[in-house]
Amino acid sequence: KNQVEQSPQSLIILEGKNCTLQCNYTVSPFSNLRWYKQDTGRGPVSLTIMTFSENTKSNGRYTATLDADTKQSSLHITASQLSDSASYICVVSLNFGNEKLTFGTGTRLTIIP
Amino acid sequence: DAGVTQSPTHLIKTRGQQVTLRCSPKSGHDTVSWYQQALGQGPQFIFQYYEEEERQRGNFPDRFSGHQFPNYSSELNVNALLLGDSALYLCASSLRVWSTDTQYFGPGTRLTVL
């Protein structure tokens, strides 16, 4: 069964601090991995997308890494802001492109002042 | 340039009823995917439409059906509603199913089944 597992389930950090979220996947054959940010009750918003040949991609204060050999990805958030409070979802594409994406259950991040 | 839009925003139905949710893709996009997201869970893939045909389907019963129109907009229909169908229903659009361009999600429709 193809799975995407994320850790931790939830995380609380102080504003201004850095944090790293983890994603392990067993999806095969693997095509690309995405990180989305989802505010409560809203649709997910794409942060990064990486193909199997890429091992890092940045989007402002967000940096995603990918190790296709160990099937692990991480999302690092630098200098956190209150607006970063959201769920962060790791998504893996089974085949090429936007076919049947497999979503993780997300990490709920809370930034406190 | 309008993003993905969905209607209605919220909906309350009773068990056994039928519901239709609507989605208009981002301008220029031709592929629409539907997801069900239960509270505290990640989205679960329902199905995907391209060129007015269902191209991919997740593990959902036949009670879930859809349609894509020539203007690329799409509908999700759910028959014989169950309490467990209560969820946030998300629509996502992209340009061609085989593209690596990311999917853009709509704000979702919150369905409550009583």
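1. The side chain of Gln6(B) reaches the backbone nitrogen of Cys91(B) at 3.1 Å. A polar atom of that Gln6(B) side chain also lies 3.0 Å from the backbone oxygen of Tyr89(B). These distances, like the other values in this note, come from a predicted model.

2. Gln6(B) belongs to strand β1 of chain B, residues 5–7. Its relative accessibility is 11%, and because buried means under 20% relative accessible area, Gln6(B) counts as buried. Leaving out residues up to four places away in sequence, Gln6(B) touches Arg22(B), Cys23(B), Trp34(B), Tyr89(B), Leu90(B), Cys91(B), Gly106(B), Pro107(B), Gly108(B) and Thr109(B). Tyr89(B) and Cys91(B), the partners named in point 1, are among them.

3. The peptide bond from Ser7(B) to Pro8(B) is cis, with omega near -10°. Pro8(B) sits in the loop between β1 and β2 (10–13) of chain B. In chain A, the peptide bond from Ser7(A) to Pro8(A) is cis as well, with omega near -10°. Pro8(A) is located in the loop that lies between β1 (4–7) and β2 (10–14) of chain A.

4. His29(B) is placed in the loop between β3 (19–24) and β4 (31–37) of chain B. Apart from neighbours within four places in sequence, the residues in contact with His29(B) are Tyr72(B), Ser93(B), Ser94(B), Leu95(B) and Tyr104(B).

5. Tyr50(B) is part of strand β5 of chain B, residues 44–50. Tyr50(B) has a relative accessibility of 9% and counts as buried.

6. Two backbone angles deserve a check. Phi of Glu51(B) is near 50°, a positive value in a residue other than glycine. Glu51(B) is in the loop between β5 and β6 (53–57) of chain B. In chain A, Ala79(A) has phi near 45°, again positive in a residue other than glycine. Ala79(A) lies in the loop between β8 (72–77) and β9 (86–93) of chain A. The relative accessible area of Ala79(A) is 34%, so this residue is partly exposed.

7. Chain B as a whole has zero helices and 11 strands, and its pattern along the sequence is β-β-β-β-β-β-β-β-β-β-β. Its radius of gyration is 13 Å, which agrees with the value near 13 Å that a compact globule of 114 residues would have. The C-alpha atoms fill a box of roughly 40 × 25 × 25 Å along the principal axes. Of the 114 residues of chain B, 49% count as buried. For contacts in chain B between residues at least 6 apart in sequence, 54% join residues at least 24 apart.

8. Chain A comes to zero helices and 11 strands. Its radius of gyration is 13 Å, close to the 13 Å from the globule rule for 113 residues, so chain A is as compact as a globular protein of that length. Its C-alpha trace spans about 40 × 25 × 20 Å along the principal axes. Buried residues make up 44% of the 113 in chain A. Among chain A contacts between residues at least 6 apart in sequence, 57% join residues at least 24 apart.

9. Chain A has 10 positive and 8 negative side chains, with the centres of the two sets 5 Å apart.

Definitions and conventions
Residues are numbered from 1 along each chain as its sequence is written. Chains are lettered from A and ligands numbered from 1 in the order in which they are written. This is a predicted model: local features need pLDDT of at least 70, side-chain atom pairs count only at pLDDT 80 or more; totals for chains, interfaces and linings use all residues. Side-chain values use heavy atoms; hydrogens and water are left out. Helices (H or I, at least four residues) and strands (E, at least two) are DSSP runs, numbered from the N terminus. The radius of gyration is taken over C-alpha atoms; the globule rule is 2.2 Å times the number of residues to the power 0.38. Buried means under 20% relative accessible area, exposed over 50%, partly exposed in between (1.4 Å probe, protein chains only). Contact means heavy atoms within 4.5 Å. A polar contact is a pair of N or O atoms within 3.5 Å; within protein, one must be able to donate a hydrogen and the other to accept it, and residues adjacent in sequence count only if both atoms are side-chain atoms. Lys and Arg count as positive and Asp and Glu as negative; His and the chain ends are not counted. The place of a charge is taken as NZ of Lys, CZ of Arg, CG of Asp or CD of Glu.
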